[in-house]
Amino acid sequence: MRHSGGAQVTRRALLGSAAAAGLAAAGCSSAPRKPAAPAPPDPQTVLLTSLIAGKEQLLSLYGRAASALPGRAAALEPFRQRHAAHLQALRALLPAGSGTGTFPASPTPSASASPSGSPVSVGALRDAERRAASARPAQMATASPALSQLLASIGACEAVHVVALGRVRD
């Protein structure tokens, strides 16, 4: 490429100068670049994670109750099995690649039932079931239709557990 002043500038030199100027401008920015903020977690996944943590805690309560009340372990097993089925159904709704430990779980109704490791009575199981069942309507308000249907079924089961556990004595 020839200019009237007699100076010769090649396309390659012109492109190289433009690239260098762009790099220099990017490197001379006065404000440090912040990394892109991660996308907030999906609310349904956060809710599912919290529900799963609550079910795991409820299953743990049943395990501790069976250990503390060996004469009642057989009577408590069907309740534990239903909660294990609920847990499996909840986990099946988790999106691929999201683990149960990915998001901080919010406090769950069964979380405060008893300190970890202490014996659990049938009365404590009834209280945990009652708290879990009473939390379901509020959880359904923010859940997807599929999760709402599952939560309605789980809540109904938990409400029946409250009544049925009244027949199981410590």
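**Close-up views of a predicted model**

**View 1. Helices α2 and α3 pack side by side.** Helix α2 (residues 43-68) and helix α3 (residues 73-93) pack at an angle of about 165°, and their axes are 9 Å apart. This is a predicted model, where local features need pLDDT of at least 70 and side-chain atom pairs count only at pLDDT 80 or more, while totals for chains, interfaces and linings use all residues. Residues are numbered from 1 along each chain as its sequence is written, and side-chain values use heavy atoms, leaving out hydrogens and water. Helices here are DSSP runs (H or I, at least four residues), numbered from the N terminus. The two helices, α2 and α3, are therefore roughly antiparallel to each other (an angle over 145 degrees).

**View 2. Residues where α2 meets α3.** Contact means heavy atoms within 4.5 Å. On the α2 side, the residues include L48, L51, I52 and Y62, and those they meet in α3 include L76, F79, H83 and L87.

View 3. At 1.5 Å a residue, the 21 residues of α5 (residues 145-165) should span 30 Å (1.5 Å times one less than the number of residues). The end C-alpha atoms of α5 are 30 Å apart, which agrees.

View 4. A75 lies in helix α3. With a relative accessible area of 35%, A75 is partly exposed (between 20% and 50%, using a 1.4 Å probe and protein chains only). The C-alpha atoms of A75 and R169 are 9.7 Å apart, although 94 residues separate A75 and R169 along the chain.

Key: Axes are lines fitted to C-alpha atoms, for helices over the stretch in contact, and angles run from 0 to 180 degrees between N-to-C directions. Angles under 35 degrees count as roughly parallel, over 145 as roughly antiparallel, 65 to 115 as roughly perpendicular and the rest as oblique.
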